[in-house]
Amino acid sequence: MVPNKKSAVLVDGVVLNGPTTDAKTGEKFVEEACKLIMEEVVLKATDINEKVCEWQPPEQLKKLLDLEVRDTGESHDRLLKLCQDVIRFSVKTNHPRFFNQLYAGLDYYSLAARFMTEALNPSIYTYEVSPVFLLVEEAVLKKMIEFIGWKEGDGIFNPGGSVSNMYAMNLARYKYCPDIKEKGLFGLPRLTLFTSAECHYSMKKAASFLGIGTQNVCFVETDGRGKMIPEELEKQIWQAREEGTTPFLVCATSGTTVLGAFDPLDEIADICERHGLWLHVDASWGGSALMSRKHRRLLHGIHRADSVAWNPHKMLMAGIQCCALLVKDKSDLLKKCYSAKASYLFQQDKFYDVSYDTGDKSIQCSRRPDAFKFWMTWKALGTLGLEERVNRALALSR
């Protein structure tokens, strides 16, 4: 592969037509690594005789793994050995006895979808660079919006439920005061938001990140089952107003992290309507109950929310990460709030309908095609198959 001196093309001392990655070697490595994944991860996924984790303390694991990166590359066999070690010492989240987090299990269709997207390496900001995956995201969001009970809406897939909650908080603030996008926090009143004492910790993180301040997050008392008490919510809203602050958002939770509680959405929606507040529902975990005709009553009233966070990577087993923020507004509020109108990327004179260039309603530039994993599973199992998955999970817990 090294050119002779006569044919060498030199620029700044670099041989442009010199040695590059050896395609044949790379292809062989991918083939053997995939075989290893199949044998050591996929085929052993449901074997209870396998360990959930070959546990080692951090300092010992550093000695067992060759973590150092060097000036020269490693051999083919050495790299495969590293892959083997990575699998051996990692937690098998698809193991039947992995119970640590709010997700688990292996969905084969989602996994195949991830293999495809990793190989294609798309980024879904414009239709021209990611035509299939943008249409897939649109189709999935439309169907999720139907399950919430909205006739229309908008949405976007994000890297985690925490980010979806932050999006919603920022969107609610933008709706209350659109000038904040250009003028910033100066001149704004002291804003307050309300959420359950059992809410996800991302609410405090979002308030901190957005400059609202964690002291302006009011935690509402819950009952013995962990549900927000509506009377306490209204009491706190009146109290906040008496103290001279400005309420703008209520975040209800459908499926709290610890107790799995579902806040009474209808009663909370009544209060939000009376006080003119944005209602966000963090259904990151519990949103999947919407797929079940038997259990969707847990989220009764969710159609009255202004925004919903829903993570198919939890109960529906789409691969991490797969998290959607859904918004009832159809006036392009997401785009108005987040658009930076980067002219080099979002040109308005393209050869297709530029409304499909959805990247300008995201705080990210590069964005993964996360909806594709869920879409592939949904296509494989159908709505009835997903419903059965939810029903089985709840029956097992009983």
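Mentor: The account below begins with the overall chain, turns to the salt bridges, and ends with the surface patches and the cysteines.

This is a predicted model, in which local features need pLDDT of at least 70 and side-chain atom pairs count only at pLDDT 80 or more, while totals for chains, interfaces and linings use all residues. Residues are numbered from 1 along each chain as its sequence is written, and side-chain values use heavy atoms, with hydrogens and water left out.

The secondary structure of the protein chain consists of 12 helices and nine strands; helices (H or I, at least four residues) and strands (E, at least two) are DSSP runs, numbered from the N terminus. Along the principal axes, the C-alpha atoms occupy a box of roughly 80 × 55 × 45 Å. Of the chain's 398 residues, 45% count as buried. Buried means under 20% relative accessible area, exposed over 50%, and partly exposed in between, with a 1.4 Å probe and protein chains only.

Side chains of opposite charge can pair when their charged atoms come close. The structure holds 24 salt bridges, each being a side-chain nitrogen of Lys or Arg within 4 Å of a carboxyl oxygen of Asp or Glu. In one of these, E59 meets K62 at 3.4 Å, N to O. Both residues belong to helix α2 (residues 58–64), where they are three residues apart, about one turn of the helix. E59 is exposed at 52% relative accessibility, whereas K62 is partly exposed at 48%.

A salt bridge of 3.2 Å, N to O, links K235 and E232. These two residues lie in helix α9 (residues 230–242) and are separated by about one helical turn, because they are three residues apart. Another pair consists of D357 and K350, with an N to O distance of 2.8 Å; D357 and K350 are both buried.

Other charged residues form a positive surface patch, made by R225, K227, K294, R297 and R398. Patches are made of residues with over 30% relative accessible area and no salt bridge; like charges are joined within 9 Å, and nonpolar side chains (Val, Leu, Ile, Met, Phe, Trp, Tyr) within 5 Å. Lys and Arg count as positive and Asp and Glu as negative, without His and the chain ends, and each charge is placed at NZ of Lys, CZ of Arg, CG of Asp or CD of Glu. Accessible areas come from the Shrake-Rupley method with a 1.4 Å probe, and for residues only the protein chains shown count as cover.

A nonpolar patch of about 320 Å² is made by V9, V11, V14 and L16. L16 is situated in the loop between β2 (14–15) and α1 (23–42), with a relative accessible area of 53%.

Finally, the whole structure has zero disulfides, a disulfide being a pair of cysteine sulfur atoms within 2.5 Å. The sulfur of C199 is 6.6 Å from the closest cysteine sulfur, that of C251, and therefore too far for a bond. C199 is buried at 15% relative accessibility.
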